[in-house]
Amino acid sequence: MSRLADRFSRSMTYLRLSVTDRCDMRCLYCMPEEGEPHEIRREVLTFEEIDRLVRIMCRLGITHIRVTGGEPLVRRDLPVLVGMLSKIDGRPELSLTTNASRLAPIAEELKTAGLDRINISIDSLDPQKFHRITRGGKLSDVLAGIDRALAAGLAPLKLNTVVMRGINDDELPDLVRFAMARRVTHRFLEVMPLGSVGLDNRDGFMPAAEIRTIIETRYPLEPLPFQEGSTARDFRIAGTDAQIGIISPVSERFCSSCNRLRLTARGRLQLCLAYEDGADLKKPLREGWSDDAIADLILRTVYEKPAGNHFAEDPEPVYQIAMSGIGG
Ligand code: SAM
Ligand code: SF4
């Protein structure tokens, strides 16, 4: 039973752990072309600091840690951190969200270090379009990363696509076919109005209902029961055992069953994607607070978690909050 409860009686069991703000891509909906201001190394938590905070949080009730970024594989020696986290008491489940540009050479090493599962972002199967959306990404590297992750047994592997009207909405059935051929689940995400982007969020936004309609032009979908704590609406492709998910933080949010917390690369405990509310944990850590004092600060902070996001009500994007900083 998690002690990390908020005033709406939601229990937090899932931590999204960002290990860097940096990225080797510049996706239209996430980062400005010139990148985010560069992090100063001393501002970023060390592996030892991350390990200590995660241990405290696991003691309080976190059971699943998703390592993310920025691009987590840009952080040097990531398998070392994965190995440290895999030794935490209670053995939390460890997963990774990555753009896979650097995955192929270390997929095996990550698995051996203790990584359980992996989510890979892929927004197009057309190399030129992929390059345009990511402002420089190479599709062939990502495809190699997917193959090596599957070969290494990082399962279940999930693919994620952010759907942008007029940019990649024509590829949705092809992306489903791509995932089915590899026997993996594909998830389609609504664009969230966050970050300083090269995409007009309002024009690029496509609601979940329309995403479903486009997929159903080729693959009829049967809704599956909603899983508590999930952010996706899951479907089975009729007549097969293949599944897809549609993630709708804007048109149909699942905030009332949210079970997640975020820890940024610079040591901020963040309560919700859509707000800056939270607490700095790096300063107490570096000032020598005890584990119990830090745990107490975390418990008091979590209690104040906002009820839900405001994406559907607010017409203007929240430019000051970038996904690359808080790990999606
Ligand atoms: N770099 C890694 C990657 O791209 O998978 C991990 C970090 S990225 C911030 C995590 C997820 O957030 C990715 O699946 C990405 O597509 C998604 N994302 C980023 N900005 C978004 C936005 N404005 N709306 C919806 N999803 C977004
Ligand atoms: Fe980088 Fe991931 Fe953001 Fe794309 S979505 S710019 S890969 S952090």
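**Close-up views of a predicted model**

**View 1. Packing of helix 1 against helix 2.** Helix 1 and helix 2 (residues 78–85) cross at roughly 30°, and their axes come within 10 Å. Helix 1 is therefore roughly parallel to helix 2; angles under 35 degrees count as roughly parallel, over 145 as roughly antiparallel, 65 to 115 as roughly perpendicular and the rest as oblique. Phe-47, Glu-48, Ile-50, Asp-51, Val-54 and Arg-55 of helix 1 make the contact with Leu-78, Val-80, Leu-81, Met-84 and Leu-85 of helix 2, contact meaning heavy atoms within 4.5 Å. The contact of helix 1 with helix 2 comprises 8 nonpolar, no polar and 3 charged residues. Here Ala, Val, Leu, Ile, Met, Phe, Trp, Tyr, Cys and Pro count as nonpolar, Asp, Glu, Lys and Arg as charged, and the others, Gly among them, as polar. Axes are lines fitted to C-alpha atoms, for helices over the stretch in contact, with angles from 0 to 180 degrees between N-to-C directions. Helices (H or I, at least four residues) and strands (E, at least two) are DSSP runs, numbered from the N terminus.

The structure is a predicted model, in which local features need pLDDT of at least 70 and side-chain atom pairs count only at pLDDT 80 or more, while totals for chains, interfaces and linings use all residues. Residues are numbered from 1 along each chain as its sequence is written, chains are lettered from A and ligands numbered from 1 in the order in which they are written, and side-chain values use heavy atoms, with hydrogens and water left out.

**View 2. Packing of helix 1 against helix 10.** Helix 1 (residues 47–60) and helix 10 (residues 291–303) cross at roughly 65°, their axes coming within 10 Å. This crossing of helix 1 past helix 10 is right-handed. On helix 1 the contact involves Arg-52, Leu-53, Ile-56, Met-57, Arg-59 and Leu-60, which meet Asp-291, Asp-292, Ile-294, Ala-295, Ile-298 and Leu-299 of helix 10. By class, the residues of this contact are 8 nonpolar, no polar and 4 charged. Leu-299, in helix 10, touches Arg-3, Leu-4 and Leu-60 when residues up to four places away in sequence are not counted. The C-alpha atom of Leu-299 is separated by 33 Å from that of Leu-154, 145 residues apart along the chain.

**View 3. Packing of helix 6 against helix 8.** Helix 6 (residues 172–181) packs on helix 8 (residues 208–216) at an angle of about 70°, with the axes 8 Å apart. Helix 6 is therefore roughly perpendicular to helix 8. Helix 6 passes helix 8 in a right-handed crossing. The contact of helix 6 with helix 8 divides into 6 nonpolar, no polar and no charged residues.

View 4. An open sheet of mixed pairing is formed by 12 strands in the order 7-8-9-6-5-4-3-2-1-10-11-12; two strands pair if DSSP finds at least two bridges between them. Strand 7 (221–223) and strand 12 (278–280) stand at the edges with a single partner strand each, so one side of each has no neighbour in the sheet. On average, neighbouring strands of this sheet are turned by 25° against each other, direction ignored. Strand 7 and strand 8 (residues 232–237) run antiparallel and are joined by 3 bridges. Pro-223 stands opposite Phe-235 of strand 8. Helix 6 packs on the sheet and touches strand 5 (157–163), strand 6 (185–190), strand 8 and strand 9 (243–247), its direction making about 150° with that of strand 6.

**View 5. Backbone features in two loops.** Ala-155 and Pro-156 are joined by a cis peptide bond, with omega about -5°. Pro-156 belongs to the loop between helix 5 (139–152) and strand 5. Ala-100, in the loop between strand 3 (93–98) and helix 3 (107–113), has phi near 70°, a positive value in a residue other than glycine.

View 6. Around ligand 2 are Cys-23, Met-25, Arg-26, Cys-27, Cys-30, Met-31, Gly-70 and Asn-99, where a residue is near a molecule or strand if one of its heavy atoms lies within 4 Å of it. This shell divides into 5 nonpolar, 2 polar and 1 charged residues.

Conventions. Left-handed = near helix turned anticlockwise from the far one by under 90°.
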